[in-house]
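Please read this report alongside the sequence and the model.

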Amino acid sequence: MRIPLQQSGDMPLYRQIETYLRRQILDGVLAPETKLPASRQLAQELGVSRITVNNAYAILESEGLIYSKGGSGVYVLARTTQPAEPGAIPPDSWPRWQQAIAQKVELPYEVLHASPRPANRHPKPIRFTGVGDPREYPIKDLMRAMHDVLQRNGASALEYGGLDKGYAPLRTTITHVLASQGITVHPDQVLITAGSQQGLALVCQLLLKAGDTVLVENPTYNLALELFRTLGLNIVGAPVDQEGMCVAAIEPIFQQHQPRLIYTIPNFQNPTGVCMSGERRRALASLADHYHVPILEDDFVGDLRYEGRVQPALKTLALEGRVIYLGTFSKMLMPGLRIGFLVAEGPVFQRLAALKRVSDLTTPPLMQRALESYVNVGQYHRYVQRSCRLYRQRRDAVLAAIKRHLPSTVQVEPPQGGLFVWVRLPDGVSSVALLPLAAEAGVEYAPGVRFFVEPAQGEPYLRLNFATLTPVEIEEGIRRLAAALSRAPGT
Ligand code: PMP
């Protein structure tokens with residue numbers, strides 16, 4: 001083998017040999033299973049010591065590029081020059097345990113049904129998706145808060161921090177915010193989580209096992225549904241109308257399916273935007289108590305009310321220990337903070353805290369401290385008021401634009417708060433079939449199929465998130481939606 005070596009170069013000889021061989025292997029010149037010369041032979045050919053060649057071989061072996069086969073010599077290891085793309089490997093060449101998991105655990109609906117990008121996609125799409133408006137994030141305030149925290153308490157903020165329930169001053173702030181909403185809790189009942197999504201996952205892990213039934217509003221939050229499906233739960237849906245979950249319809253469900261958990265979003269529900277009436281809340285609390293079923297109350301945007309009467313949280317209506325309450329700073333502040341919390345009592349609280357601890361040790365202490373330094377109750381309420389002013393205008397803009405541009409056969413129910421308008425398309429039009437036309441026209445939305453227990457039920461619906469867009473963008477977005485709709489099959 002001829003390897004060009006520079007005897008007087010800067011690079012040691014073993015490095016020159018190793019570099020040369022690595023390139024040859026990675027470029028495929030030395031094919032897998034090629035036998036390399038024995039070190040004594042190569043040393044002789046190159047006029048170097050055997051140790052030099054052995055050093056080069058040792059490095060290549062440690063990188064997995066070559067291997068020694070018991071006494072018979074040194075060979076190039078089978079490998080491709082580029083790692084294979086994940087999708088390029090045929091399913092039956094995975095090890096059997098990988099194939100078994102593919103059979104057992106379903107991929108999320110959105111992954112399985114990701115729509116292909118249309119060829120002529122609009123260069124500047126208007127997206128009625130996402131949460132809040134990134135242009136309104138209080139980035140400077142957060143920067144200042146993080147700077148202060150690092151300057152004052154840098155070391156503590158970068159340690160694991162309180163490994164049990166989360167940063168105590170932040171838990172106290174949360175109790176003050178909750179008290180202003182009529183929910184009185186002790187800081188030791190508050191567990192800080194990585195967003196409320198983690199709270200949701202912890203509760204399911206603790207209370208449910210595969211095959212157990214969870215009762216949900218139908219439609220409901222898509223990533224709660226995906227979580228339940230991933231865990232192999234049996235999902236039973238209760239219909240939703242203008243007063244929220246139809247509680248009268250659920251007694252037979254209790255008797256037939258014996259749910260182990262009720263998951264509800266009573267305020268400005270995702271995706272419909274409806275609020276559960278006070279009467280239904282009381283009925284649900286007493287039904288859950290009667291059948292001994294815990295309620296998981298997901299209050300993700302309860303503060304974003306633009307009009308109408310505030311209804312009491314289920315947490316305050318049910319007896320102590322019946323309801324696990326989830327809250328989050330994602331919608332009121334920024335989702336990337338990944339800070340949410342749950343409120344619970346008794347044995348379930350202790351076990352949720354322990355489960356959280358073994359899941360991820362802690363929610364990033366720097367973020368917890370920065371948030372605590374930035375948010376006090378007064379500031380939180382100023383921020384809520386500002387968001388309400390801004391989003392109310394946007395809700396009005398989307399309702400007005402729908403009225404102006406979409407056919408009168410499109411149905412919407414104006415939400416009294418929150419982030420979404422839930423739209424029912426004219427009979428025969430599918431929001432899935434409309435997606436590529438909308439993408440071409442330059443508008444994006446969440447199709448209704450994502451939110452239903454039986455996805456096909458969602459075909460006539462779509463969800464528009466109005467909070468991310470200015471009224472001018474909303475007007476243009478709905479105009480584009482109208483253009484797409486006029487081309488949709490079924491219209
Ligand atoms: N609940 C509902 C109803 C949601 O819509 C979302 C996210 N959009 C979450 C929980 C989870 O949010 P996060 O983890 O950011 O708090």
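## Basis of the values

This is a predicted model, in which local features need pLDDT of at least 70 and side-chain atom pairs count only at pLDDT 80 or more, whereas totals for chains, interfaces and linings use all residues. Residues are numbered from 1 along each chain as its sequence is written, and side-chain values use heavy atoms, with hydrogens and water left out.

Helices (H or I, at least four residues) and strands (E, at least two) are DSSP runs, numbered from the N terminus. Two packed helices are described by the angle between their axes and the distance between the axes. The axes are lines fitted to C-alpha atoms, for helices over the stretch in contact, and the angles run from 0 to 180 degrees between N-to-C directions.

## Helix α8 and its two partners

Helix α8 (residues 195–207) packs with helix α9 (residues 222–230) at an angle of about 30 degrees, and their axes are 11 Å apart. That makes α8 roughly parallel to α9, given that angles under 35 degrees count as roughly parallel, over 145 as roughly antiparallel, 65 to 115 as roughly perpendicular and the rest as oblique. The crossing of α8 past α9 is right-handed; a crossing has this hand if the near helix is turned clockwise from the far one by less than a right angle, and is left-handed if anticlockwise. On the α8 side the contact (heavy atoms within 4.5 Å) is made by Gln197, Leu200, Ala201 and Cys204, and on the α9 side by Leu223, Ala224, Leu227 and Phe228. These residues divide into 7 nonpolar, 1 polar and no charged, where Ala, Val, Leu, Ile, Met, Phe, Trp, Tyr, Cys and Pro count as nonpolar, Asp, Glu, Lys and Arg as charged, and the others, Gly among them, as polar.

With α13, the axis of α8 comes within 10 Å and crosses at roughly 110 degrees. That makes α8 roughly perpendicular to α13, and the crossing is right-handed. From α8 the contact takes in Gln198, Leu202, Val203, Gln205, Leu206 and Leu207, while α13 contributes Val348, Arg351, Leu352, Leu355, Lys356, Ser359 and Asp360. By class, the contact of α8 with α13 has 7 nonpolar, 3 polar and 3 charged residues.

The axes of α15 and helix α17 (residues 471–486) come within 9 Å and cross at roughly 30 degrees. The two helices are therefore roughly parallel to each other, and the crossing of α15 and α17 is right-handed. In α15, Arg394, Ala397, Val398, Ala401, Ile402, Arg404 and His405 meet Pro471, Ile474, Glu475, Ile478, Arg479 and Ala482 of α17. The residues of this contact divide into 8 nonpolar, 1 polar and 4 charged.

Leaving aside its neighbours within four places in sequence, Arg395 is in contact with Tyr306, Glu307, Pro415, Gln416 and Phe466. Its side chain also makes a polar contact with the side chain of Asp396 at 2.9 Å; a polar contact is a pair of N or O atoms within 3.5 Å, and within protein one must be able to donate a hydrogen and the other to accept it, residues adjacent in sequence counting only if both atoms are side-chain atoms.

## The cover of α14

Helix α14 is mostly covered, with 7 of its 10 residues buried. The buried residues are Pro365, Leu366, Gln368, Arg369, Ala370, Leu371 and Tyr374, and they pack against α6 (139–157), α7 (168–179), β5 (190–193) and α15. Pro365 and Arg395 are 30 residues apart in sequence and 36 Å apart in space, C-alpha to C-alpha.

## Backbone features in the loops

The peptide bond from Asn218 to Pro219 is cis, with omega near 15 degrees, and Pro219 lies in the loop between β6 (213–218) and α9. A cis peptide bond also joins Asn270 and Pro271, with omega about 15 degrees; Pro271 lies in the loop between β9 (261–264) and α11 (278–290).

Phe268, placed in the loop between β9 and α11, has a phi near 50 degrees, a positive value in a residue other than glycine, and at 1% relative accessibility Phe268 counts as buried. Leu361 has a positive phi of about 65 degrees although it is not a glycine. Leu361 lies in the loop between α13 (346–360) and α14 (365–374), and at 37% relative accessibility Leu361 counts as partly exposed.

Technical notes
Buried < 20%, exposed > 50% of the residue type's maximum accessible area, 1.4 Å probe, protein only.
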